[in-house]
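Subject: Structure handover

Hello,

Please find the structure below, followed by notes on what was found in it.

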Amino acid sequence: MKWLKKLGKIIYSFLSFNLLYKDLNEDSRYKIYKKNNLDNVKRIMLISSILIIVQISNIIVDGLNNVYEENIQLLYTVGAIILLSLGIISVIVSILLLKKPDKNYTLIKIFTSIFYLLFITGFLIFCYGDIINGCTNQNIYVLYLTLVVIPIFSMWEIVICYTIIVLSLTIFMVVANAPVTFFQQTYIISLTMICATILLEHYRLNSIIGIEKVKTLNQELYIKSTTDHLTQLKNRFGLQDIIDQKIRVNNTNEIRTLGIFIIDIDFFKQYNDKFLHTQGDVVLKKIAEVINQSIDIDKDIAVRWGGEEFLVFLDNYDKEKLLQLGQDIKNNVENLKIIAGTQIISKYVTISMGISEFKSEELDNYAKYIGLADKQLYYAKEAGRNRIAFDNEVTK
């Protein structure tokens, strides 16, 4: 019995497409659901445009030729009017929904469900006309082929749509007293199309999910390669991208003052020699937190520059504010009261800092100003450490 339960679970997962999504996170799943709904609206626009052309042609041709009996002609005319009206309204609604797809996400889902139900209803009228007019499958084929190729369905939507169609066709055939062979033919067509729909949906979803997995993997690799694992700050390889994301996007015609801090932990090698590297890692994480908490993370950038050095990229600070922020960071680090190693300048771990400033119009040359900040850091260290150097002036 256990193997039957396992088999049942596998079949259920296959039919509900759950296995396809098992390796995706919630964000990736949401993206795929959203993409499917948007694609459905675009496909509805395609179907609707074809419907408008075909049904106008049908109304004109059938009206001129008058080849059907009156009651059958009425059925075809009603079906044509329903599908023509549905096509015109759907084109208009689709255009409106696609203007703001993010805001209309729920409406898009409701719209696609209503469209396909009305589409099936309109075509079932044609199918009924075919059945009572000599048991032909012409419109049944058209309906099934459209549902196989065009829509993007979940498993439950497939079940609901095909259940409505098969039950309706069964009622039509019973009412029309169709021969047994026609019943058999119709059910074989229905079963074939249901299987084809499921297989095509699996193929399509596999393709989309495969692409999404690659995107997710690339994003994870990018984050890992541009983020310092220990402090969770960006590393020097991620600096350019984060500048583009935070600083460059704000680069309007207004000229702003940008600043760069290069921060070095004083006598960090001696600290590691005394307390070992594990404790040194704790110090790095604590100082990274202090820096992050001291800046405006929405517009400023903190980077682990290498070893015991940090870089801070600041947007829209004048000289006085730059110096004040530097002093705040230096004081906040010392206020952590981390017992120092063998240094004699303070009983606690301290930092030295070099500062440079430049105008936003020189953003492309920011590497030059990193070099200037590094030079100022050298002055701060030469002056005794636990100091800040800015414009060749050293302050404690």
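In which helix is isoleucine 164 found? Isoleucine 164 is found in helix α7; helices (H or I, at least four residues) and strands (E, at least two) are DSSP runs, numbered from the N terminus.

First, the basis. This is a predicted model, in which local features need pLDDT of at least 70 and side-chain atom pairs count only at pLDDT 80 or more, while totals for chains, interfaces and linings use all residues. Residues are numbered from 1 along each chain as its sequence is written, and side-chain values use heavy atoms, with hydrogens and water left out.

The surface patch

Isoleucine 164 is partly exposed, at a relative accessible area of 32% (buried means under 20%, exposed over 50%, partly exposed in between, with a 1.4 Å probe and protein chains only). Together with Leu117, Trp156, Val159 and Ile160, Ile164 makes a nonpolar surface patch of about 460 Å². Patches take residues with over 30% relative accessible area and no salt bridge; like charges are joined within 9 Å, and nonpolar side chains (Val, Leu, Ile, Met, Phe, Trp, Tyr) within 5 Å. A salt bridge here is a side-chain nitrogen of Lys or Arg within 4 Å of a carboxyl oxygen of Asp or Glu. Areas are from the Shrake-Rupley method with a 1.4 Å probe, and for residues only the protein chains shown count as cover. Helix α7 (residues 155–175) gives the largest share of the patch, 4 residues.

The sheet

An open sheet of 7 strands runs in the order β1-β3-β4-β2-β5-β6-β7, with mixed pairing (two strands pair if DSSP finds at least two bridges between them). β1 (234–235) and β7 (393–395) are at the edges with a single partner strand each, so one side of each has no neighbour in the sheet.

Strand β5 (residues 351–359) has 7 of its 9 residues buried. β5 runs antiparallel to β2 (residues 257–265), joined by 9 bridges, and aspartate 264 stands opposite serine 352. With β6 (residues 388–390), β5 pairs in the parallel sense over 3 bridges; here methionine 353 is opposite isoleucine 388. β6 in turn pairs with β7 in the antiparallel sense over 3 bridges, where phenylalanine 390 stands opposite glutamate 393.

Threonine 257

Threonine 257 lies in β2 and is buried, at a relative accessible area of 12%. Leaving aside neighbours within four places in sequence, its contacts (heavy atoms within 4.5 Å) include Leu314, Tyr317, Glu357 and Phe358.

Regards
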